[in-house]
Amino acid sequence: MMSHSKVKGFTLIELLIVLVLMGLALSIVLPNLQKQVDKIRFKGELQRLEHIGEYARYHTYFTNSPLVIKFNDKQILVTSEEQKDIVLRTFEFKSLTFPSKELRITPKENQPQTVSFTTPKGEQQEILL
């Protein structure tokens with residue numbers, strides 16, 4: 001006669017079913033998760049862009065020296081107008097693309113200016129900087 005051991009556990013079939021169910025759940029969740037990460041990155045870069053404008057306006061006001069903000073593809077350079085070869089700040093963007101443009105911010109004319117950019121979906125948008 002054969003004796004049956006009283007070892008308790010999961011069978012191979014039960015483990016495979018759990019793995020298949022986990023795979024299905026991940027295939028549904030991961031694409032949505034990636035979309036959410038892209039949305040968060042986009043919103044974060046918009047906030048960063050607004051803060052660059054605030055930084056430039058405050059800097060020109062408190063130092064009484066004009067700044068030049070240079071936009072080039074996915075990069076923004078902030079330089080002093082007197083010493084254009086010295087870069088004060090460099091900002092890299094992953095989801096926003098900018099046309100080549102220069103903004104001059106002076107202490108006397110310290111008003112926000114319009115900047116256009118392209119979103120990851122290819123849409124053209126503008127923001128006050």
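Start with D38. Its relative accessibility is 37%, so D38 counts as partly exposed. Keep in mind that this is a predicted model.

What does D38 pair with? It forms a salt bridge with R41. The closest N and O atoms are 3.7 Å apart. The cut-off for a salt bridge is 4 Å. Both residues sit in helix 1. They are three residues apart, about one turn of the helix. R41 has a relative accessible area of 36%, so R41 is partly exposed too.

How many salt bridges are there by this rule? The count is two. Here is the general point. Side chains of opposite charge can pair when their charged atoms come close.

The other bridge joins E81 and R104. Its closest N and O atoms are 2.1 Å apart. E81 is in the loop between strand 2, residues 75–80, and strand 3, residues 87–92, while R104 is in strand 4, residues 98–105, so this pair ties together parts that are 23 residues apart in sequence. How covered are the partners? E81 counts as partly exposed because its relative accessibility is 22%. R104, at 45%, also counts as partly exposed.

E81 leads us to V68. V68 touches E81, and its other contacts include L77, V78, T79 and K84. E102 and L103 are on that list as well. Residues up to four places away in sequence are not counted there. Where is V68? In strand 1, residues 67–73. Is V68 buried or exposed? Buried, because its relative accessible area is 3%. The cut-off for buried is under 20%. One distance for orientation: V68 and E92 are 24 residues apart along the chain, and their C-alpha atoms are separated by 17 Å.

Next, T119. This residue lies in the loop between strand 5, residues 114–118, and strand 6, residues 124–128. T119 has 6% relative accessibility, so T119 counts as buried. What does T119 contact? F42, S95 and Q125, leaving aside neighbours within four places in sequence.

Now the surface. Which residues form the positive patch? K35, K39, K43 and K121. Take K43 as our example. K43 is found in helix 1, which covers residues 12–63. Its relative accessibility is 58%, so K43 counts as exposed. The cut-off for exposed is over 50%.

Then the nonpolar patch. The patch is formed by L12, I13, L16, I17, V18, L19, V20, L21, M22 and L24. Together these residues have about 1,000 Å² of accessible area. L12 lies in helix 1. L12 counts as exposed because its relative accessibility is 63%.

One more residue, L15. L15 lies in helix 1. Is L15 buried, partly exposed or exposed? Partly exposed, because the relative accessibility of L15 is 44%. How far is L15 from E92? Their C-alpha atoms are separated by 46 Å, and the two residues are 77 apart along the chain.

To recap. There are two salt bridges by this rule. One is R41 with D38, within helix 1. The other is E81 with R104. V68 and T119 are buried. The surface carries a positive patch that includes K43, and a nonpolar patch that includes L12.

How values were computed: Residues numbered from 1 in each chain as written. Predicted model: local features only at pLDDT ≥ 70, side-chain atom pairs only at ≥ 80, totals over all residues. Heavy atoms only, no water. Patch = residues over 30% accessible without salt bridge, like charges linked within 9 Å, V, L, I, M, F, W, Y side chains within 5 Å. Areas by Shrake-Rupley, 256 points an atom, 1.4 Å probe, with all protein chains shown as cover. Salt bridge = Lys/Arg side-chain N within 4 Å of Asp/Glu carboxyl O. Lys, Arg positive; Asp, Glu negative; His and termini not counted. Charge placed at Lys NZ, Arg CZ, Asp CG, Glu CD. Helix = DSSP H or I, 4+ residues; strand = E, 2+ residues; numbered from the N terminus. Buried < 20%, exposed > 50% of the residue type's maximum accessible area, 1.4 Å probe, protein only. Contact = heavy atoms within 4.5 Å.
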